[in-house]
Amino acid sequence: MKNDWKESLKAAFDAPEPGNKKEFLRNIRPREVSTPRMLFQQVQYIRGAVWIFALMIMIFALLGSWKQMEETEDLIPVIMPFLAAISVLETRRSRKCGMIEIEMVTRFSLRSVILARMLALGLVYLFTVCVISPVIAAAFGGKALLTAMRILIPYLITMSISLQVERSVWGRKLEYASLAIAAAIAIAMFWIKNTDSALLLGYTKVIENCGVLIVLVLAGITAFEQWKTINNVEEFA
Amino acid sequence: MDLEKTYDKIYRYVYFRIKDRTIAEDITQETFLRCINRKGNMQVFEIKYLYTVARNLCVDEYRRVKTETLPEDYEEAGAQYDNLEERLAVREAVAGLPLEDQEILLLRHVNNESMGTISSTLGISRFALYRKLKSAEEKLRAGLEAVDHEK
């Protein structure tokens with residue numbers, strides 16, 4: 001066939017412009033995305049500062065353990081509340097950046113986006129704790145489980161309180177309420193370690209005796225608070 | 001797969017068979033929806049599968065409405081092009097061909113489908129398709145010459 005015939009042939013078979021093609025195609029775009037893929041997508045939207053902070057904690061713990069710096073064991077539980085505060089701040093970033101309207105009309109609901117981001121952060125932090133606890137314990141002659149409890153307790157306390165505060169009326173007004181809570185917890189941890197030896201002894205004893213139970217209860221409360229945050233996300237946002 | 005291009009191809013094919021814009025669009029969309037329901041994902045669409053579904057839906061439509069009157073918008077299509085005389089001549093020549101030849105010419109030269117896709121859609125072998133395509137092209141050429149002579 002000659003090319004000019006082909007052109008004429010195309011015109012001969014031409015159809016009138018379809019009326020609602022674009023609208024139809026927009027509506028049938030795939031909506032189902034697997035959980036790992038969704039998690040991976042959301043990981044890319046979490047701010048670099050969050051990952052850098054987690055990485056710095058890990059480097060600090062590993063270097064401190066390697067160099068036998070005694071402060072490492074005490075400073076990590078003091079820093080952990082700030083990691084929790086950053087996670088909570090990440091959940092309210094949509095409102096801060098004015099992205100809420102856009103996220104609400106995209107293919108994922110805001111709930112699923114926040115859930116995926118929380119899950120991604122939680123998994124990374126869990127990995128961090130799993131790595132640094134045995135290293136610190138080995139370096140300073142402690143037990144890995146007890147070290148993990150000492151790291152997790154301030155983190156979980158900050159998380160559960162911050163999530164609760166973020167949902168409250170004044171928590172929504174105060175941009176960095178969770179950071180203030182983290183600072184308060186960090187100061188309390190610092191005070192326990194350095195000011196009152198009787199208090200430190202009591203705190204250590206409590207962790208040794210029922211640390212696992214405390215962590216489990218705190219983890220349960222944190223999970224419940226996160227669930228409430230996810231459920232109230234439209235109002236929260 | 002470019003979804004928009006695929007939509008245009010299926011719509012053009014359905015319109016060729018149905019000759020009614022509204023029904024053609026309904027059938028095109030029904031074709032896509034049926035494929036989504038079965039595959040669950042647009043990415044795995046195969047064009048020959050879409051053609052087959054569209055073809056079957058057209059057959060269903062023929063059975064439902066047994067008349068073959070041309071709709072009002074049939075003559076409007078393509079009227080905006082240059083060389084209107086030549087294009088009308090080609091259209092006249094195409095209209096004189098058997099429906100199967102028209103279908104083959106549309107799929108091969110307008111929708112630019114592969115021989116494999118066309119043979120699978122029409123349910124014939126590649127060799128048979130090749131022969132039919134050559135025959136259709138010959139008939140079209142003869143038809144065009146006849147139209148020229150008349151003028």
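This report describes the helices, nonpolar cores, salt bridges and surface of a predicted model.

The model is predicted, so local features need pLDDT of at least 70 and side-chain atom pairs count only at pLDDT 80 or more, while totals for chains, interfaces and linings use all residues. Residues are numbered from 1 along each chain as its sequence is written, chains are lettered from A and ligands numbered from 1 in the order in which they are written, and side-chain values use heavy atoms, with hydrogens and water left out.

Chain B contains seven helices and zero strands; helices are DSSP runs of H or I with at least four residues, strands are runs of E with at least two, and both are numbered from the N terminus. Among its 151 residues, 47% count as buried. Buried means under 20% relative accessible area, exposed means over 50%, and partly exposed lies in between, with a 1.4 Å probe and protein chains only.

The largest nonpolar core has 47 residues, of which Leu9(A), Phe13(A), Ile10(B), Val14(B), Leu105(B) and Leu140(B) touch the most other members. Helix α1 (residues 3–18) of chain B supplies the largest share of this core, nine residues. At least three residues of the core come from each of domain 1 (1–77) and domain 2 (80–151) of chain B, the domain bounds being taken from an automatic or database domain assignment. A second, separate core of 46 residues includes Ile46(A), Ala116(A), Leu121(A) and Tyr125(A). A nonpolar core is a set of buried Ala, Val, Leu, Ile, Met, Phe, Trp, Tyr and Cys residues joined through side-chain atoms within 4.5 Å.

**Salt bridges**

Side chains of opposite charge can pair when their charged atoms come close. A salt bridge is a side-chain nitrogen of Lys or Arg within 4 Å of a carboxyl oxygen of Asp or Glu, and the count over all chains comes to 15.

| Salt bridge | N to O distance |
|---|---|
| Arg17(B) and Glu103(B) | 2.7 Å |
| Glu103(B) and Arg55(B) | 3.0 Å |
| Asp60(B) and Arg63(B) | 3.8 Å |

Arg17(B) lies in helix α1 and Glu103(B) in helix α5 of chain B, so this pair ties together parts that are 86 residues apart in sequence. Both of these residues are buried, Glu103(B) with a relative accessible area of 3%. Arg55(B) is partly exposed, at 22% relative accessible area.

Asp60(B) and Arg63(B) both lie in helix α3 of chain B, three residues apart, about one turn of the helix. Asp60(B) is partly exposed at 40%, whereas Arg63(B) is exposed at 60%. Elsewhere, salt bridges that share partners join Lys21(A), Lys22(A), Glu4(B) and Asp8(B) into one network.

**A buried asparagine**

Asn111(B) sits in the loop between α5 (99–110) and α6 (115–122) of chain B. This residue is buried, with a relative accessible area of 1%. Its side chain makes a polar contact with the side chain of Tyr51(B) at 2.7 Å. A polar contact is a pair of N or O atoms within 3.5 Å; within protein, one must be able to donate a hydrogen and the other to accept it, and residues adjacent in sequence count only if both atoms are side-chain atoms.
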